[in-house]
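Here are a few exercises to work through with the model open beside you. Take each task in turn, then follow the solution step by step.

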Amino acid sequence: MHRKKQAPLKYYVGIDVGSASVRAALVDEFGTVVAHADQPIQIWEPQPDHYEQSSADIWAACCLVTKKVVCGVDASWIRGVGFDATCSLVVVDKQFQPLAVNCEGQNYRNVIMWMDHRAVSQVERINATQHSVLSYVGGVMSVEMQPPKLLWIKENLQESCWEKAGYFFDLPDFLSWKATGVTARSLCTVVCKWTYTSDGGWDDSFWKMIGLEDLVKDKYEKIGNHVLSPGEPVGKGLTPEAAKDLGLPAGIAVAASLIDAHAGGLGVIGADVKGYNLPCENQPITSRVAMICGTSSCHMGVSETPIFVPGVWGPYFSAMVPGLWLNEGGQSATGKLIDHVVRGHVAFPELQSKAAASAHSIYTYLNSHLDLIKKSLPVGFLTVDLHVWPDFHGNRSPLTDLTLKGMVVGLTLSRGLDELALIYLATIQAIALGTRHILETMQAAGHHINTLFLCGGLSKNPLFVQMHADITGKPVVLSKEVESVLVGAAILGACASGDFASIQEATAKMGKVGRVVRPNHEHKRFYDKKYEVFLKLVEHQREYRSIMNSF
């Protein structure tokens, strides 16, 4: 845990449940992270594409990190709590006890993770219906959303899970229930992952058409029939039991939650940019895209009117910024892909030992190594004949094609650190080229984007950030607080407490610009050519598949 000294008398706790860890921060009214802590959580992978977690393990980690960050602070100064989490599916019975989401009957493993792809057959059938609700998810539902997972449970675990289930929660909503005892859902989760619409609510015909008519019968009690906007207070605040668990006073305001990426977006997208000479200055917030880069990446753009973007989720009304429509692009594996490529390389042990000897992280060491081997060239030009297509876990946006695979073109027999550094660079470039592909699709549909706002773990890597600026041709804004997701969660708590009149007011005061990274426009021609190759790669992959399908 890290603590900075001294702060004013209004604090908010932000709690963020990521894929592999839970983090908490104590944040002041100016958006400064005063203390933060983290705790790993367990992931089970019982078979390929099945990823599970335990809601009890997650809640225990939430309690541990929260107690750490509030330790020694006058409790009367803490005004509100906000949660965000991955959009994983939590299943509990009618008494709110965990129910197994696996064939082994392990009840404590009651969470199907967001990145679980077990429901491929179910999502294909859902998409084949071409139901009108699909127009709000880019025309094609993702296997990572909740309806296919619910259908998988009904078809594969009917007796052991489906019939015993009392409630199906998105993980952010499970956390606000655990804190308050109220089963209200956040507009963010139900709109983005469950097909709810802010004006029409649930569409009975959709659930009946896909074979989940059981959910309609009880007026949607199992999946939520009381919906709140993010940042609204839930119930009467912390229950005495939850307060004791978290080390906070009972009754403190608890906010309706957000999905983790949306909390990151909230933490950065509204920052005051005056004096930074950015194209988005004096422009509406709709000229910005917030990019949250961790295990996976999300690209959040808002608009005043609904924009339907092929292959990009949304438009979702008020799902992140109240009153604005949200479109959400995404890449299913980014940090996870970089890790996979680097750790799987034969030279990884050498990298590990050299990085340890120099007291640097492996990625800082790789970045330095690239500077050594680039000679007089710009570092990005080292991959002139090495190209990567990054969809090792399928394509979420803008192609919405789960069956796409990763590709690498330009390998040699070299097995050393130079080769590892080059494939690392080419992978980062491929992720940035994928971002360009998403942004161009959004712009073609009607978005006007001129500035990127980055947060999340990968935004700490200067090479990743510079490649995104160079390849998209847009300046990248990094927030003053690296932990923007935690600031976003705390902003929710601040709104629930009543200390701010609106989320927009809170984001303008609590979101701060740290650094601006500008594109090297003289490298534009090189990256335009790389982008041309990038698009050829997927075209060729589809041609190969077509050839093999005719076998």
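**Surface, shape and cysteines**

The accessible surface of the chain (Shrake-Rupley method, 1.4 Å probe) comes to about 21200 Å², and 53% of that belongs to carbon and sulfur atoms. This is a predicted model in which local features need pLDDT of at least 70, side-chain atom pairs count only at pLDDT 80 or more, and totals for chains, interfaces and linings use all residues. Residues are numbered from 1 along each chain as its sequence is written, and side-chain values use heavy atoms, leaving out hydrogens and water.

**Exercise 1.** Compare the radius of gyration of the chain with that of a compact globule.

*Solution.* Start with the rule, 2.2 Å times the number of residues to the power 0.38, for a radius taken over C-alpha atoms. Next, look at the C-alpha trace, which spans about 65 × 65 × 45 Å along its principal axes. Finally, turn to burial (under 20% relative accessible area): 60% of the 551 residues are buried.

**Exercise 2.** Work out how many disulfides the chain has.

*Solution.* Begin with the criterion: a pair of cysteine sulfur atoms within 2.5 Å. Then take Cys 71, whose sulfur is 15 Å from the closest cysteine sulfur, in Cys 63, and therefore too far for a bond. Cys 293 is in no disulfide either, as the nearest cysteine sulfur, that of Cys 455, is 6.8 Å away. By this rule the count is zero.

**Exercise 3.** Is Cys 293 buried or exposed?

*Solution.* Its relative accessibility is 0%, so Cys 293 counts as buried. Cys 71, at 54%, is exposed (over 50%).

Notes
Buried means under 20% relative accessible area, exposed over 50%, partly exposed in between (1.4 Å probe, protein chains only).
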